[in-house]
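I opened a new notebook page for this chain.

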Amino acid sequence: MANGGPVEHGYPHLDTVRASITALYRRLSYDTVHTFATSVAPADVAFADVDDLHLGAQRVAREMVRHYHLPDARMIVGFREMTHAAHVELAAGPEYFIELNDRFRTHRRDIGAALAHEVMHVVLHRLDLSFPGIRDTEILTDTAAAYLGAGWLLLDAYREDGATSQKLGYLTPEEFGYVLAKRALVFGEDPSVWFTSPQAYTAYTKGMELARHDARQPPLTAAGWAGRRRYARDRRHAQDHRAPDDPGVPYSFAPDDHGPLRVAFPCPTCHQRIRVPVRGRVRARCGLCRTVLECDT
């Protein structure tokens, strides 16, 4: 939790974020991911200053349990002084103890954001889904919360001006915006109408630019002229049995033992790598997220 300190910006965790989206589709399946097509509604996690602190926190926790499809889980929420925003004890269940930073006693509007992250920890614990290292698992948790419809609260908790700042979660604001944009492109849902923070809206629009850029990379037909020209050059090098000049491109070429040259590239939706033959216009379907891709290889 950044509370008055500097807020990191940009995309320093982008590779882990993309790997997290892939991991969600692999562990949950396409059908299960699509049961989260509707996000948590603002009215269901609203928290007025006149509401009882503990009863209100329990109500919001129950809403997170409902949204994440955990009907047999019970969250017991308390408050104490701590460095981090919150902590959850990942026991066998069905009861889980969540502690929130005392700061939320007077910043109740952000309790939903903190609980979105902590209850997602319970979801991933039950799925036995994690990454090596605490930091990468925390990034997975933020990404999963955002992609499955509750993480817009975490981005909306980001506020910054010349004198103060606040941010929850391990992702940067732009990375939260990126994940929410990836979700919006899949489900046709615009979370920006729920933002109360103008900084959150700005981060979301930046994330959307990068998410749309993913779908304009060669060999996809939506790629721009410069990308297509670079791809054609790299393809010639590969056909001449030479490595491409630019190792920073998202695609790679490899010979096929039983056919023509093939190109591998990440699916713009779930980032699983797809391999198709190099033979001009090709329509490919991602086996993980079922996205149909128009390619010019």
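Which residues does Tyr147 touch, not counting residues up to four places away in sequence? I noted first that this is a predicted model. I then listed the partners of Tyr147: Ile21, Leu24, Tyr25, Val33, Val179, Lys182, Arg183, Val186, Phe187 and Thr269.

**Entry 1: Tyr147.** I placed Tyr147 in helix α5, residues 134-147. Its relative accessibility came out at 0%, under the 20% cut-off, so I logged Tyr147 as buried. I checked for a polar partner and found Tyr25: the two side chains are joined by a polar contact of 2.8 Å. I also took a C-alpha distance from Tyr147 to Pro12, which gave 18 Å for residues 135 apart along the chain.

**Entry 2: α4 and α5.** I stayed with α5 and looked up its packing with helix α4, residues 111-127. The two axes come within 9 Å and cross at roughly 105 degrees. That falls in the 65 to 115 range, so I wrote down α4 as roughly perpendicular to α5. From α4, the contact uses Ala116, His117, Met120, His121 and Leu124. From α5, I noted Glu138, Leu140, Thr141, Asp142, Ala144 and Ala145. I sorted the contact residues into six nonpolar, three polar and two charged.

**Entry 3: α7 and α8.** Next I took helix α7 (residues 173-187) against helix α8 (residues 198-214). I got an angle of about 55 degrees, with the axes 7 Å apart. That angle makes α7 oblique to α8. I recorded the crossing as right-handed. Among the α7 residues in the contact are Pro173, Tyr178, Leu180 and Lys182. Those of α8 include Tyr204, Met208, Leu210 and Arg212. Here the contact residues divide into eleven nonpolar, two polar and five charged.

**Entry 4: backbone.** Most residues other than glycine have a negative phi, and most peptide bonds are trans. I went looking for exceptions. Ser29 has a positive phi of about 90 degrees. I found Ser29 in the loop between α1 and α2. Ser29 counts as partly exposed because its relative accessibility is 31%. His69 also turned up, with a positive phi near 65 degrees. His69 sits in the loop between α3 and β2. At 40% relative accessibility, I logged His69 as partly exposed. Last, I checked omega and found a cis peptide bond between Pro218 and Pro219, at about 10 degrees. Pro219 belongs to the loop between α8 and α9.

Definitions and conventions:
Residues are numbered from 1 along each chain as its sequence is written. This is a predicted model: local features need pLDDT of at least 70, side-chain atom pairs count only at pLDDT 80 or more; totals for chains, interfaces and linings use all residues. Side-chain values use heavy atoms; hydrogens and water are left out. Axes are lines fitted to C-alpha atoms, for helices over the stretch in contact, and angles run from 0 to 180 degrees between N-to-C directions. Helices (H or I, at least four residues) and strands (E, at least two) are DSSP runs, numbered from the N terminus. Angles under 35 degrees count as roughly parallel, over 145 as roughly antiparallel, 65 to 115 as roughly perpendicular and the rest as oblique. A crossing is left-handed if the near helix is turned anticlockwise from the far one by less than a right angle, and right-handed if clockwise. Contact means heavy atoms within 4.5 Å. Ala, Val, Leu, Ile, Met, Phe, Trp, Tyr, Cys and Pro count as nonpolar, Asp, Glu, Lys and Arg as charged, and the others, Gly among them, as polar. Buried means under 20% relative accessible area, exposed over 50%, partly exposed in between (1.4 Å probe, protein chains only). A polar contact is a pair of N or O atoms within 3.5 Å; within protein, one must be able to donate a hydrogen and the other to accept it, and residues adjacent in sequence count only if both atoms are side-chain atoms.
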